[in-house]
Amino acid sequence: MAKALKINGGINYSLIDDRDVFMLITTVREGIKYATFQNIANKIPFSLGEWSEFLHLSERTFQRYKKEQRKFDSLHSEKILEITLVYNKGVEVFGEKEDFDAWLEAKNVALGGIRPKELLDSTFGIGLLRDELTRIEHGVLA
């Protein structure tokens, strides 16, 4: 699991093989521990409020998870993994974490004039970001 969650140089969509997929499935089913989430959150530049919006959990729930060192349920664990994977892909495509972070914050014409990180609250939005990153990677700009 650590390989999948590693930021900068970690696993990304293009490197996932069947064994990794089963590892991700197992991780989702078991749930991600709050400590593991905290490690991810420390490396990805989203505030607790933004994570709260992405996962559709209140900040108070996050505080309770932290205090009780709880695991996230499978739906939230899957979303955490999806966001981590798309973030890793973005850093890979842009080459520099800072460049990708800036792209996430800037309004994007190809995405309907919204900031890319506003799409991280749904699986469909994450898929759209993944597709856009693939287009950028191959030089196909909309």
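How many nonpolar, polar and charged residues does the lining of the largest pocket have? The points below take up this question and the wider fold.

1. This is a predicted model, in which local features need pLDDT of at least 70 and side-chain atom pairs count only at pLDDT 80 or more, while totals for chains, interfaces and linings use all residues. Residues are numbered from 1 along each chain as its sequence is written, and side-chain values use heavy atoms, with hydrogens and water left out.

2. The protein has eight helices and zero strands; helices (H or I, at least four residues) and strands (E, at least two) are DSSP runs, numbered from the N terminus. The order of elements from the N terminus is α-α-α-α-α-α-α-α.

3. The largest pocket holds about 210 Å³ of space. A pocket is an open set of points on a 1 Å grid over the protein atoms alone, where a 1.4 Å probe fits, with protein on both sides within 12 Å along at least five of seven lines; lining residues have an atom within 4 Å of a point. Grid points are joined across faces, edges and corners, and the volume is the space filled by probe spheres set on the points.

4. Eleven residues line the largest pocket, and Leu24, Val28, Glu78, Glu82 and Leu85 are the closest to its centre. Two or more lining residues come from each of α2 (18–30) and α6 (74–94), with α2 giving the most, five. By class, the lining has seven nonpolar, no polar and four charged residues; Ala, Val, Leu, Ile, Met, Phe, Trp, Tyr, Cys and Pro count as nonpolar, Asp, Glu, Lys and Arg as charged, and the others, Gly among them, as polar.

5. Phe22 lies in helix α2. Phe22 counts as exposed because its relative accessibility is 57%, and exposed means over 50% relative accessible area, buried under 20%, partly exposed in between (1.4 Å probe, protein chains only). Of the 142 residues in the protein, 44% are buried.
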